[in-house]
Amino acid sequence: MTSAANPDPQPAPLWQPDSDRIAAARITRFQAWAAERYGAPAEGGYPALHRWSVAELDTFWQAVAAWFDIRFSSPYEAVLADRTMPGAQWFPGATLNYAEHALRAAEDPARAGEPALLHVDEMHEPVETGWAELRRQVGSLAAELRAIGVRPGDRVSGYLPNVPQAVTAFLASAAVGAVWTSCAPDFGARSVLDRFQQVEPVVLFTVDGYRYGGKEHDRGDVVAELRRELPTLRAVVHVPLLGTPAPEGTLEWSALTAGETEPVFEQVPFDHPLWVLYSSGTTGLPKAIVQSQGGILLEHFKQIGLHCDLGPEDRFFWYTSTGWMMWNFLVSGLLTGTTVILYDGSPGHPHTGAQWGVAERTGATLFGTSAAYVMACRKAEVHPGRDFDLSRIKGVATTGSPLPPDGFRWLHDEVREDLWIASVSGGTDVCSCFAGAVPTLPVHIGELQAPCLGTDLQAWDAQGRPVIGEVGELVVTNPMPSMPTRFWNDPDGSRYRDSYFEMFPGVWRHGDWITLTDHGSVIIHGRSDSTLNRQGVRMGSADIYEVVERLPEIRESLVIGLEEPGGGYWMPLFVHLAEGAVLDDALRTKIKLAIREQLSPRHVPDEIIEAPGVPHTLTGKRIEVPVKRLLQGAALDKAVNPGSVDNLDLLRFYEDIARKRG
């Protein structure tokens, strides 16, 4: 690891925006405007703007609100009345409505017929929903929700895939001042109930089933169980995705959205809850994370309008499901008048390159996906730039896990050389990014471009001291508007404090290892709560995955570090082999040699074990901590919440390993 005192020469960037692109970027125009009106630095580009945004936090967010013309129906008394974390008070006195802003483009007669949503599934070509039509549906549904008795603060739930009906239901809920919460229909009943029972919804929107991987999946039995186990429901709305009639006692979607009622947007306080998101819940009940209408509105305007550089002429695609925060982020593309692309189906059907085909058919300008998908395309030798017309794409963004260096190179070589690659990192906890996309900065291989505006992102050592060029804990030392207002059912706030503020009181500690480089970029090394720590040296699991999964014989891997009684340390590497590969001595040697040469001898595992697969959360993230607990001897029901895992049987393999070790 390079130290700040003796840095290596800065490597040449993989991509550099030209002067025209920098001049045209919305963030450049914002900086010039904020310099005139709010004292932002006119020179020095993004680094100067970022320094100002964290040094003058109140002024920066006031400028964001003005630049994006936030409609405060009653004025705010201050921007940030209390900076204490947790508990920061943003824009007290202000009232507004998120849905009003999301549908604002429909007020422009010239745009009324243009697409707000483009829906694609595995079977059909894109289907448009125009701005005026979306606004009409939201107005009709919001009126029906009020007629059912839904009031501000009531919870409205969706068991829906990534379809236009989910967007309409969410926006209608927000218009009423209700609190939205959703799960994808591939979640089983127990996983959904672990989430929805915490918040006691009064309305449930649900499908009869969904299509994935070329097959139809009926969810009638699951929906029946949800109805039985959610006693607070006043109404269930049936969305017939597979064409089945509405079950007895449910309301029909088409009837609720047929009206011509002008939408009424409930004006709510800035900190009024917008939605509840959920943590993965791998070791207990998922945390029910509450974020505010105003906080999300400002944070997403900043992210989508400045960092993602999206506006009315753009089309925004991100592969996601309604069970992942990226769905909420994607829908916020409507705030900037951007056409949002909803894809409902498998990311790799009928072939691995299918997402690139979606981008071609929809004319996507920003293509969002997971790092895992990029690496799967690389392994499958997909050639997007050769096989698809991706001429409209100006940037590819990835999240979910760090994008390995080979992923950067592959995107550059196989999509387009003049491609803005934005690896971003944030969390469900803030429904936003701490670091990532900046359209005016160069891209370096394996690095996130920079910390985001208004985010005082730092790397701290164990003593709470900032470090540059060294691995440290990801901390944020000032409040962000989208930080949770609270957790549901956490009356004294203790669970919230314990989650983020226990290690460094008053400072958000996220649980990631990062390095801030001396040229201002950010490197993510993986989760710090599953840290590899050999001989006092901390290592990120992501670095090992990047090397191991570059080998064609390895489909996926999982590395765990265990402190043993007596001071020993055992670091096994589990590998899920590609079809036809055999874990013999030659492959073990090849793996160890690759790790030793590309990382260090310290990174070489003590043992390499073939596994039938790598377990993931329901949103596709590798599960490290529960496996570590199993290997330490914990019982399966104590180590993991079964409803949070994509394949519980895989965990029994790791439980057996622990039993055999004795």
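User: Which residues does Arg 136 touch, not counting residues up to four places away in sequence?

Analyst: Arg 136 touches Thr 257, Ala 258, Gly 259, Glu 260 and Thr 261, where contact means heavy atoms within 4.5 Å. This is a predicted model, in which local features need pLDDT of at least 70 and side-chain atom pairs count only at pLDDT 80 or more, while totals for chains, interfaces and linings use all residues. Residues are numbered from 1 along each chain as its sequence is written, and side-chain values use heavy atoms, with hydrogens and water left out.

User: Why is Arg 136 called buried?

Analyst: Buried means under 20% relative accessible area, exposed over 50%, and partly exposed in between (1.4 Å probe, protein chains only). Arg 136 has a relative accessible area of 19%, so Arg 136 counts as buried. The residue is found in helix α6 (residues 131-148); helices (H or I, at least four residues) and strands (E, at least two) are DSSP runs, numbered from the N terminus.

User: What makes Arg 234 and Asp 154 a salt bridge?

Analyst: A salt bridge is a side-chain nitrogen of Lys or Arg within 4 Å of a carboxyl oxygen of Asp or Glu. The closest N and O atoms of Arg 234 and Asp 154 are 3.7 Å apart, and the pair forms a salt bridge. Arg 234 lies in the loop between α9 (220-229) and β11 (235-239) and Asp 154 in the loop between α6 and β6 (155-159), so the pair ties together parts that are 80 residues apart in sequence.

User: Why is Arg 234 called partly exposed, and why is Asp 154 called buried?

Analyst: Arg 234 counts as partly exposed because its relative accessibility is 47%. Asp 154 is buried because its relative accessible area is 14%.

User: How do you know that Arg 659 forms a salt bridge with Glu 655?

Analyst: The closest N and O atoms of Arg 659 and Glu 655 are 3.9 Å apart. Both residues lie in helix α22 (residues 648-661), 4 residues apart, about one turn of the helix. Arg 659 counts as exposed because its relative accessibility is 54%, whereas Glu 655, at 18%, therefore counts as buried.

User: Where does Glu 417 lie, and why is Glu 417 called exposed?

Analyst: Glu 417 lies in the loop between α16 (405-414) and β20 (420-423). Its relative accessibility is 59%, so Glu 417 counts as exposed.
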